[in-house]
Amino acid sequence: MATDIQQLTQTASQVRRDILRMVHACQSGHPGGSLGCADFLVALYFEIMHHDPKFNMDGKGEDLFFLSNGHISPVFYSVLARSGYFDVKELATFRKLNSRLQGHPTTHEHLPGVRMASGSLGQGLSVAIGAALSKKLNNDTSLVFSLHGDGEIQEGQIWEAAMYAPHNKVDNLIATIDVNGQQIDGSTEQVLSLGNLRAKWEAFGWEVLEMSGNDMADVIRVLHLAKAKAFKGKPILILMQTEMGNGVDFMMHSHKWHGIAPNDEQLTNALGQLAETLGDY
Amino acid sequence: MKKYTYTEKKDTRSGFGAGLLEAGKKNKEVVALCADLTGSLKMDAFQKEFPERFFQVGIAEANMIGMAAGLTIGGKIPFTGTFANFSTGRVYDQIRQSVAYSDKNVKICASHAGLTLGEDGATHQILEDIGMMKMLPGMTVINPCDYNQTKAATIAIAEHEGPVYLRFGRPTVPVFTDPDQKFEIGKAWMVNEGTDVSIFATGHLVWKAIEAGEKLAEMGIKAEIINIHTIKPLDVQAILTSVTRTGCVVSAEEHNRLGGLGDSIAQVLAQHLPAPQEYVAVDDSFGESGTPDQLMEKYGLNSEAIVKAVQKVIARKQARG
């Protein structure tokens, strides 16, 4: 079956609308990174991963996804809801009291689709490795995916995990870093430069791929390539170039929209740039 | 008064190693992870028997805790092993988010807890771990007292659903509990009944309390000795039943006075049954290098210290009338 890039792009447009409306409704949350990763998550959940929205924590026989940079929860929640894990109407409860859609993802409120709490950065790669090893012990040949922010890899635990996975040939793992070059206090170059990421991860022993994260055709192409490279003795790392705030002109090219919500006027402006393709929640 | 004797001394960490091997034989979902301390944790028997279920993570404790959390997805029951200091303080946030808040069935097994680590000194002698772990919602905290109890506890936690912190130690100590005991999480063990004072002891201090009880008996004091191996969930009923009878309390633990078993008991008493309490615990300080016995004496954690605390608390009870 040929991939319908146009349809995936349309889904991503709806997900971007969801992100903006969720963040606007509670006047908090992280729209910038969420918008930048919309295409990637739509590709994963609507095309790449074999997964079952009738959620089961153990996920045996399913591909698993772990969001390590938990602050981009709006895009995660929208994609989970749009792919059938829970009713899209529940997106309206994001960050509100008694909601299953906590500010950062958690298993604690039993939201289908979430297998691990994240928010405190740097922990997801270790968890993904553990889940990948569990699959190997279970003779389960499905894959484990994870997503990390580029600022997040300043955390030391990431490099502990980066060392572990190649040494132990965890080759059923595809980790992606969202390289948007931005973090809270400024650009990653200003705050703590990441250096040559390809060279660093290759030196640790990973198979490294690069992807244009806001070009749906390239996202699909590289994710298929990554799957083809699985089970060949090395863990796979995708460096995904994205634009923070992608899809909304005034949110791009800046770290300003990392963690602030649009006002009414800004929301109207932003929604005017994004087609409502699946119906707003 | 029941008389306790022993024929041999063994380290509680070896009880863990034996229990882990048995748990691994009983359930193929049991897996183990270690951060470059396999021999010290006595995990070598498990590693040898089940090499495919043993994960050597290197000196990378944060990664170990995260991996353990991930391994639960798919049904594994991971036991992590390193020293108590590196099992808790070093990885508190990983345990908090990836294990406790994520409701993961991880067993955090910690050796070389407390002063009895000995000569390595304060960098390795954690005295705050019980406090840190008991504050985490949903975490079970267990500190067994001898080889047999540690082995039984290790087997029991494999069958318990939910995160557990299991704390044990390095030195050889008397083996005096039943080798065939069934370990019940959260159920205090009545070591000796008495009417004058309740001594609630955990870990290595249980044997010290038994020794103290014999000295007290010679002085005409009938001490009730209760082993609180599970600090959380605490056996509140056992504590209240005992203190209703005795009217005063000594808590004994190889831990900081702040945040340990004594504090948990004090909270129960303050809410339900106010009574005088004395703490046998480290008085808010770090440890130092020395032999285990030297350190336990210097920091007031031996049977003489328990006897003195009993005399003091009984005097306080009598002064209240």
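The structure is a predicted model, in which local features need pLDDT of at least 70, side-chain atom pairs count only at pLDDT 80 or more, and totals for chains, interfaces and linings use all residues. Residues are numbered from 1 along each chain as its sequence is written, with chains lettered from A and ligands numbered from 1 in the order in which they are written.

Taking contact to mean C-beta atoms, placed from the backbone, within 7 Å, 27 residues of domain 1 of chain B touch 31 residues of domain 2 of chain B. On the domain 1 side, helix H6 (129-134), strand E6 (140-142), helix H7 (147-158) and strand E8 (172-174) of chain B each give two or more residues; helices (H or I, at least four residues) and strands (E, at least two) are DSSP runs, numbered from the N terminus.

I turn now to strand E4 (residues 77-83) of chain B. Of its 7 residues, 7 are buried, that is, 20 or more other C-beta atoms, placed from the backbone, lie within 10 Å of the residue's own. Two strands pair if DSSP finds at least two bridges between them. Strand E2 (residues 30-34) of chain B runs parallel to E4(B), joined by 5 bridges, and Ala32(B) stands opposite Phe79(B). E4(B) also pairs in the parallel sense with strand E5 (residues 107-111) of chain B, over 5 bridges; there, Thr82(B) has Ala110(B) as its bridge partner.

Notes:
Two residues are in contact if their C-beta atoms, placed from the backbone, lie within 7 Å. A residue is buried if 20 or more other C-beta atoms lie within 10 Å of its own, exposed if 12 or fewer, and partly exposed in between; C-beta atoms are placed from the backbone.
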